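Open your viewer, get your selection tool ready, and follow along stop by stop. We will pick out a few pieces at a time and look at what is there.

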Amino acid sequence: MLEQIKIVLVGTSHSGNIGSVARAMKTMGLSRLCLVQPKAEVDGQAYALAAGASELLSEAEHFDALGPAVADCGLVVGTSARSRTLSWPMLEPRSLGELAVQEAHSHQVALVFGRESSGLSNDELQLCNYHVCIPANPEYSSLNLAMAVQIIAYEVRMAALAQQQAVQPLEPVAYPDSSQMENFYQHLEQTLDQTGFIIRQHPGMVMTKLRRLFNRARPEEAEYNILRGMLTSVQKRIR
């Protein structure tokens, strides 16, 4: 599913940023990198900052314009600051992650990041179905390119993991029934009486609090069997 999602960098000025983006992508399981009219070559600095994600750089696709880079994508989302003049459907990063993973089942998805200094042009933004804005601190919203990619890639990965967990059937958990728990409480009280921890005739609030403890913990059947075995072991030792 994540192989259907590609990161598209437009007009990147610094080779180190390209390498750092590759690293950010690989840590989140994304592997497809597209470079549109990069101003910098993928050089030694890029490979150094990729830090183990060098295959993303060597396999990166190169394009002369954004249009061809996203031509095969059914969903294109561009990063953009909120604009009062250009009304466009906006997404938060979390919503974007969920939408990208959902649509990646049926077609390719492009997540587009603009130039370090000026972002995406209006013409480029109009190639996007949605815009995404990272809600950074308005008093200091300076995010470098790799940071922005890392945030978006993280949300994509979290959405993918959530979807995987949702479709995988959970193994049923067996719990002791009420009668078994009553037997356990009797066994526990008997054992604590034998050790001298409580007096059977005057257990006070101890057993009430222990009941509350185990009811809150809600032991599974396997854990219940362990507890009963522990109590039996203590009784054998006392005898």
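**First stop: a pair of helices**

Select helix α8 (residues 178-195) together with helix α10 (residues 221-238): they pack at an angle of about 25 degrees, and their axes are 10 Å apart. That makes α8 roughly parallel to α10, because angles under 35 degrees count as roughly parallel, over 145 as roughly antiparallel, 65 to 115 as roughly perpendicular and the rest as oblique. Axes here are lines fitted to C-alpha atoms, for helices over the stretch in contact, and angles run from 0 to 180 degrees between N-to-C directions. Helices (H or I, at least four residues) and strands (E, at least two) are DSSP runs, numbered from the N terminus.

The crossing of α8 past α10 is left-handed; a crossing has that name if the near helix is turned anticlockwise from the far one by less than a right angle, and is right-handed if clockwise. Now show the side chains. Among the α8 residues that meet α10 are Phe184, His187 and Leu188, and the α10 side includes Tyr224, Leu227 and Leu231. Contact means heavy atoms within 4.5 Å.

A word on what you are viewing: this is a predicted model, in which local features need pLDDT of at least 70 and side-chain atom pairs count only at pLDDT 80 or more, while totals for chains, interfaces and linings use all residues. Residues are numbered from 1 along each chain as its sequence is written, and side-chain values use heavy atoms, with hydrogens and water left out.

**Second stop: the sheet**

Next, colour the strands. In what order do the seven strands of the open sheet lie? Read them as β3-β2-β1-β6-β4-β7-β5, with parallel pairing. Two strands pair if DSSP finds at least two bridges between them. At the edges you will find β3 (61-63) and β5 (90-91), each pairing on one side only.

Select β1 (5-10). Six of its six residues are buried, so β1 is largely enclosed by the rest of the structure. Buried means under 20% relative accessible area, exposed over 50%, and partly exposed in between (1.4 Å probe, protein chains only). Ile5, Ile7 and Leu9 point one way from β1, while Lys6, Val8 and Val10 point the other way.

Look to either neighbour. β1 runs parallel to β6 and is joined to it by five bridges; there, isoleucine 7 has leucine 111 as its bridge partner. Five bridges also join β1 to β2, again in parallel, and lysine 6 stands opposite arginine 32 in β2.

Move along to β4 (73-79). Six of the seven residues of β4 are buried, so this strand too is largely enclosed by the rest of the structure. β4 pairs with β6 in the parallel sense over five bridges, and cysteine 73 stands opposite glutamine 108. Three bridges join β4 to β7, where glycine 78 stands opposite histidine 131.

Keep α5 and bring in α7. These two pack at an angle of about 55 degrees, with axes 8 Å apart. That makes α5 oblique to α7, and the crossing is right-handed. The contact includes Leu96 and Val101 of α5, and Ile152 and Val156 of α7.

In soluble globular proteins, nonpolar side chains tend to be buried together. The largest nonpolar core has 41 residues, and those with the most contacts inside it are Ile7, Leu33 and Leu111. A nonpolar core is a set of buried Ala, Val, Leu, Ile, Met, Phe, Trp, Tyr and Cys residues joined through side-chain atoms within 4.5 Å.

Which helix gives the largest share of this core? Select α7 (residues 145-167): nine of the core residues come from there. Then centre on isoleucine 7, whose contacts include Val21, Leu33, Phe113 and Val149.

Finally, zoom in on alanine 51, in the loop between α2 (44-50) and α3 (54-58). Alanine 51 has a positive phi of about 50 degrees although it is not a glycine. With 45% relative accessibility, alanine 51 counts as partly exposed.

Definitions and conventions:
Lists of a residue's contacts leave out its neighbours within four places in sequence.
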